[in-house]
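Student: Could you go through this one with me? I'd like to understand how it is put together.

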Amino acid sequence: MSVISVQDLTKRYPRATALDQLTVDVSPGVTGLVGANGAGKSTLIRILLGLTPATSGRAAVLGEDVVTNGERIRARVGYMPEHDCLPPDVSATEFVVHLARMSGLPPTAARERTADTLRHVGLYEERYRPIGGYSTGMKQRVKLAQALVHDPRLVLLDEPTNGLDPAGREDMLRLIRRVHTDFGISVLVTSHLLGELERISDHVVVIDAGRLLRSSSTSEFTQATRVMAVEATDGPGGTLPALGPALTRRLTAAGLRTRPAGQVLLVELTDDRTYDLIRDTVADLGLGLVRIEQRRHRIEEIFTTPAPGAAPAVPPDGAPPVPSPGVPGRHAAEEAADGQDRSRPGAG
Amino acid sequence: MARTGAGPVPASGAPPAPATAGGRRGVIHDIGYRHYDGPRLGRGYLLRSLFTNSLRAAYGLGRSARSKALPLLMLGVMCVTAVILVVVAIAARMQDLPLPYARYFTVMSTVIAIYLAAQAPQLVSRDLRFHVVPLYFSRPLSSAGYALAKFAGMAAALFVLVALPLLILYAGALLARMPAWEHTRELLGALAGVALLSLLLAGIGLVLAALTPRRGLGVASVIAVLVITYTIVGIVQGLAVDQGNLGAGGWFGLLSPFTLVDGAQVWAFGAETSAQIPPQGTFAGVVFLLVTLAGSAGSLALLALRYRRVAVS
């Protein structure tokens with residue numbers, strides 16, 4: 001059963017078309033909704049909550065029609081807005097208890113669920129202090145907590161990583177993944193950054209200018225390949241990529257296929273002993289091993305795929321995929337370029 | 001993913017010893033996520049919860065000490081004045097209270113105006129300014145329900161503000177062994193008038209405050225409207241008294257909420273007037289009462305309309 005079902009949904013404003021004949025089905029799990037700012041993500045969420053009427057088309061959430069059963073939907077769905085929505089002069093506990101009651105939880109249950117939920121999102125002693133003194137990361141957790149406090153079956157998270165520093169972003173993404181894996185709640189999460197959604201989503205929906213660009217499961221285009229990315233340095237604090245010919249030679253001698261790519265060395269995985277071999281070889285050379293990571297296809301590739309319906313780019317048989325230049329630094333670059341990055345997903 | 005991947009491996013190549021291999025220390029048991037299977041209450045409960053929350057907010061309860069200061073100070077002024085009147089009445093062995101119950105809100109209108117101007121924005125513009133409104137409207141409560149609960153909360157807070165000193169006066173009157181039946185009757189009539197006043201002022205205050213997310217503007221507009229209308233009525237009725245034109249002068253009482261409710265309760269509950277010219281005749285009295293009720297209902301409708309627009313914007 002799909003948690004969200006949208007058919008031919010169109011939303012026209014006097015001066016713009018926010019959604020244009022959008023048809024998409026969202027299954028239980030974590031679904032990433034990707035699009036540039038203004039692509040129609042927030043409009044879609046407002047329609048799904050039954051807050052804005054669509055110009056034409058139909059939409060159902062948890063099997064309920066958004067036009068006729070908006071109230072029932074809102075009782076079983078949690079919503080985390082993109083912008084600030086927290087008053088500074090109350091504590092997180094006081095605020096979330098109140099909103100739990102506004103979702104219909106009796107007073108005692110509201111208090112218990114608030115304490116539990118704030119703990120699950122990682123707020124402890126500070127939850128008794130006024131929200132005005134919180135960091136951005138803590139505020140985002142309170143916003144997430146209020147969306148989860150009534151134990152919804154689905155949460156709609158609008159740009160939950162906005163304004164967070166890289167560490168806060170990682171924490172939030174991990175938390176969102178847990179909302180599904182540990183809490184059993186389906187998630188629709190929007191972002192204008194593709195990279196961060198590929199790691200936490202089971203399914204990615206890409207919209208551009210209100211139209212569906214692509215909807216497919218993440219595994220379809222980020223299937224794990226039998227290729228490891230190895231990064232090493234020449235000592236603690238060393239910045240030089242120490243992928244000297246020595247490492248390549250030793251690994252090749254051991255019967256592994258390798259290929260340098262930017263700062264990482266791609267090594268084909270033959271069996272489980274490959275991990276040990278890489279580790280021991282790096283250690284023997286006196287290098288510091290930064291990471292061994294399974295290489296995946298990147299969601300970005302779908303934007304470089306000409307036809308929306310075409311299969312994701314698959315590398316030639318047996319050969320490691322060729323990553324775009326600067327791949328290892330991609331996340332950091334994305335995070336730093338947050339502001340300038342917004343138009344990118346629509347570029348395809 | 002570098003941060004979440006394996007950390008740098010020591011050059012020696014030995015895998016790091018598991019950190020937990022040592023002694024056992026206190027363990028925090030994470031009981032994990034639990035689903036909620038309990039009841040989910042309906043619209044009535046949501047309205048009651050928001051009403052209670054708004055009433056508490058109108059007195060700064062559950063907020064910082066600073067938020068409590070002004071509303072509690074105003075409540076204090078209202079009550080201490082009543083206590084002083086009682087003490088005077090008892091000390092001077094008066095046969096009646098120095099001020100009738102029904103006239104109390106007009107005499108104290110400045111205090112009431114300051115309270116309303118300060119607290120109406122607390123109830124509505126705060127949610128607008130900090131964008132809390134979407135969190136309400138993404139829940140089952142409708143925008144009309146939100147407006148109704150806020151309106152009721154503000155009206156109840158005003159009722160407490162004005163009715164409490166009347167109860168103090170009443171207790172004092174009984175202590176001074178003034179005629180109990182007569183005082184009970186007067187008190188009940190005055191409380192009905194206070195109810196009318198609370199509904200009207202709550203509506204006016206919230207509509208003005210909800211126009212702007214800026215608290216300062218809300219405060220200024222509420223105080224300006226209340227003070228200016230009251231002053232105009234005072235000046236015009238003063239002139240009318242001088243000219244001996246009571247009929248026309250009486251109608252000007254419609255302009256200020258305080259003289260409007262005063263006129264309504266003079267006709268409806270036989271209260272003693274505080275205005276220079278009360279409404280003249282039955283027809284005028286009926287009009288004053290109807291305008292009071294229409295003003296309350298109309299401002300509630302405007303408030304609901306305002307939030308309907310916020311909800312879909």
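Predicted model: local features only at pLDDT ≥ 70, side-chain atom pairs only at ≥ 80, totals over all residues.

Student: Which way do β3 and β8 of chain A pair, and over how many bridges?
Tutor: Strand β3 (residues 30-34) of chain A and β8(A) pair in the parallel sense over five bridges, where two strands pair if DSSP finds at least two bridges between them. In β8(A), the residue bridged to A:L33 is A:T190. Strands here are DSSP runs of E with at least two residues, helices are runs of H or I with at least four, and both are numbered from the N terminus.

Student: What does β7 of chain A do next to β8?
Tutor: β7(A) and β8(A) also pair in the parallel sense, over four bridges, and A:V189 is the bridge partner of A:L157. Together with helix α6 (residues 166-181) of chain A, the strands β7(A) and β8(A) make a right-handed β-α-β unit; right-handed says that, with the strands pointing away from the viewer, the path from the first strand over the helix to the second runs clockwise.

Student: Is β8 of chain A mostly covered or open?
Tutor: Strand β8 (residues 186-191) of chain A is mostly covered, with six of its six residues buried. Buried requires 20 or more other C-beta atoms within 10 Å of the residue's own, exposed 12 or fewer, and partly exposed lies in between, with C-beta atoms placed from the backbone. A:S186, A:L188 and A:T190 point one way, A:V187, A:V189 and A:S191 the other way, and all are buried. In a regular strand the side chains alternate between the two faces of the sheet.

Student: How confident is the predictor about chain A?
Tutor: pLDDT, the predictor's confidence in each residue from 0 to 100, has a mean of 80 in chain A, and 79% of the residues there reach 70 or more. Over residues 304-348 of chain A, pLDDT stays under 50.

Student: Switching to the interface, how many residues touch across it?
Tutor: 47 residues of chain A are in contact with 44 residues of chain B, contact being C-beta atoms, placed from the backbone, within 7 Å. On the side of chain A that touches chain B, β14(A) gives the most, with six residues.

Student: What is chain B made of?
Tutor: Chain B has 12 helices and zero strands, and buried residues make up 42% of its 313 residues.

Student: Why does B:L260 count as buried?
Tutor: B:L260 is buried because 25 other C-beta atoms lie within 10 Å. B:L260 lies in helix α11 (residues 257-269) of chain B, and, leaving aside neighbours within four places in sequence, B:L260 is in contact with B:G253, B:L254, B:F288, B:V291 and B:T292. B:L260 and B:G285, 25 residues apart in sequence, are 9.7 Å apart in space, C-alpha to C-alpha.

Terms used. Residues numbered from 1 in each chain as written. Chains lettered and ligands numbered in written order. Contact = placed C-beta atoms within 7 Å.
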